[in-house]
Amino acid sequence: MNKALVLSQETLAKTEAAATALAGDGTPVMGRDDVEQGLDVFAAAPTGVLGLANRYDGLDLPGQACRIVVLGGKPDAVGLQEKFLSERAEASAALAERLRTRIVQGAGRCTRGPNDYAVVVVLGSDITRYFSRPDNREALEPELQAEVEFGWENSRGTDPGEVIENVKMFLEHDAAWREGGEPLVAEFRQDAVKVESPGAEALGASSATEVEAWHLAFRGEWVSASEQLQEAARLVGAGGGSTRGYRGLLLYLSGVWLHLGAQDETQRARARALVRQAAAASSVRGTWLKEMPELPGAEEIPLASMDVVAVNAIAARLRGQLRPNRLTEDLQKMRGALAQDDSAWIHRVKVGLGTGKWEEVPADLG
């Protein structure tokens with residue numbers, strides 16, 4: 001029982017370093033190279049910690065082979081595409097099912113049968129926040145909901161020593177656990193009901209159409225591919241705010257594809273309109289879209305009146321006498337003000353940005 005599996009989406013070096021830190025002195029640590037030919041070496045070892053990066057499936061450590069699994073971080077950004085969807089496009093709804101699958105698979109690496117058992121430890125603020133949200137827990141199967149709820153209730157705000165004693169009782173799996181733990185899990189199970197995550201129905205309805213669009217794009221049939229992707233974007237839009245970012249991405253791709261296959265100016269104009277719709281649909285007002293090259297023939301979008309005022313104010317200040325030391329001082333004060341919790345400080349930052357005057361801000365912030 002003195003073995004643990006650490007799964008993380010960090011780099012191999014960082015994952016193995018985390019395993020080393022968790023193992024402590026005197027406990028052997030294994031990594032990818034040690035199990036390259038299979039898990040038998042780790043399974044047969046009397047003690048040890050195995051650290052693996054991005055291995056949420058394809059591992060089997062049943063029974064006494066391993067009783068502790070550590071999930072390091074929320075596995076929602078494996079690869080550049082997922083990083084873009086979750087961090088830039090605000091399209092994490094498209095990754096929700098993939099994320100749940102990885103968590104469930106990772107947590108079940110050491111419980112390969114109905115009578116098997118293991119302690120699952122979540123490590124990191126991001127995955128802790130994930131499980132703290134009721135909508136994320138409710139999207140799990142009822143049995144998993146009950147187990148997560150049990151762990152949450154018996155660890156939040158609890159003395160660490162008491163948590164360790166509870167873990168020992170669970171690992172011993174004797175009468176104390178059967179009489180004190182299992183009934184509570186069963187009670188949580190009775191109240192658990194699976195609720196699909198927001199946007200799941202819309203994403204499911206659009207999936208076949210999107211797959212067909214990609215097939216057409218692979219064959220170079222750009223106009224037909226664009227039409228299919230526009231339909232997919234329409235279906236995704238039924239998810240409301242939860243799928244807004246992903247809809248923006250689909251609209252942008254449909255515009256680019258249409259422009260690639262356009263035969264006349266009418267189609268090219270439609271392609272540019274789709275890109276504009278993508279910017280309007282994006283939940284982050286098209287921040288990532290501003291970094292993309294404009295389609296040929298795109299009209300320059302005039303600045304909003306407030307932006308014109310801001311640009312003119314900055315230009316006027318730049319045409320004046322620049323004092324580097326004063327600018328550095330202003331930036332330091334700005335950072336200090338932004339670090340405050342009081343909303344009044346944020347107002348002072350705005351005043352400073354607009355006028356360059358910081359008389360209201362205490363000097364010690366600089």
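Is glutamate 90 buried, partly exposed or exposed? With a relative accessibility of 39%, glutamate 90 counts as partly exposed, where buried means under 20% relative accessible area, exposed means over 50% and partly exposed lies in between (1.4 Å probe, protein chains only).

Before going further, here is how to read the values. This is a predicted model, in which local features need pLDDT of at least 70 and side-chain atom pairs count only at pLDDT 80 or more, while totals for chains, interfaces and linings use all residues. Residues are numbered from 1 along each chain as its sequence is written, and side-chain values use heavy atoms, with hydrogens and water left out.

**The protein as a whole**

- The secondary structure comes to 17 helices and five strands; helices (H or I, at least four residues) and strands (E, at least two) are DSSP runs, numbered from the N terminus.
- Of the 366 residues in the protein, 36% are buried.
- The accessible surface is about 21,400 Å², and carbon and sulfur atoms account for 54% of that surface; accessible areas come from the Shrake-Rupley method with a 1.4 Å probe, and for residues only the protein chains shown count as cover.
- Among contacts between residues at least 6 apart in sequence, 64% join residues at least 24 apart, with contact meaning heavy atoms within 4.5 Å.

**The sheet**

- Five strands form an open sheet in the order E2-E3-E1-E4-E5, with parallel pairing; two strands pair if DSSP finds at least two bridges between them.
- Strand E2 (29-30) and strand E5 (119-123) stand at the edges with a single partner strand each, so one side of each has no neighbour in the sheet.
- Helix H1 (residues 12-23) packs on this sheet, where it touches strand E1 (2-8), E2, strand E3 (47-53), E4 and E5, and its direction makes about 155° with that of E3; axes are lines fitted to C-alpha atoms, for helices over the stretch in contact, and angles run from 0 to 180 degrees between N-to-C directions.
- Helix H4 (residues 96-107) lies across E1, E4 and E5, and runs at about 155° to E4.

**Strand by strand**

- E1 is mostly covered, with six of its seven residues buried.
- Seven bridges join E1 and E3 in the parallel sense, and alanine 4 has valine 49 in E3 as its bridge partner.
- E1 also pairs with E4 in the parallel sense, over five bridges, and here leucine 5 stands opposite valine 69 in E4.
- E4 is mostly covered too, as four of its five residues are buried.
- Strand E4 (residues 68-72) runs parallel to E5, and five bridges join the two.
- Within E5, valine 119 stands opposite isoleucine 68, and leucine 123 stands opposite glycine 72.

**A closer look at valine 121**

- Valine 121 lies in strand E5 and counts as partly exposed, at 34% relative accessibility.
- Leaving out residues up to four places away in sequence, valine 121 touches Ile68, Val69, Val70 and Leu71.
- Valine 121 and valine 6 are 115 residues apart along the chain, yet 9.2 Å separates their C-alpha atoms.

**A helix pair**

- Two packed helices are described by the angle between their axes and the distance between the axes.
- Helix H11 (residues 200-218) packs with helix H12 (residues 222-236) at an angle of about 170°, and their axes are 8 Å apart.
- That angle makes H11 roughly antiparallel to H12; angles under 35 degrees count as roughly parallel, over 145 as roughly antiparallel, 65 to 115 as roughly perpendicular and the rest as oblique.
- Residues making the contact include Ala202, Leu203 and Leu216 of H11 and Trp222, Leu229 and Val236 of H12.
- By class, the contact of H11 with H12 has twelve nonpolar, four polar and three charged residues; Ala, Val, Leu, Ile, Met, Phe, Trp, Tyr, Cys and Pro count as nonpolar, Asp, Glu, Lys and Arg as charged, and the others, Gly among them, as polar.

**Two residues with positive phi**

- Most residues other than glycine have a negative phi.
- Asparagine 54 has a positive phi, near 55°, and lies in the loop between E3 and E4.
- With a relative accessible area of 35%, asparagine 54 is partly exposed.
- Glutamate 90 also has a positive phi, near 55°, and its place is in the loop between helix H3 (80-88) and H4.
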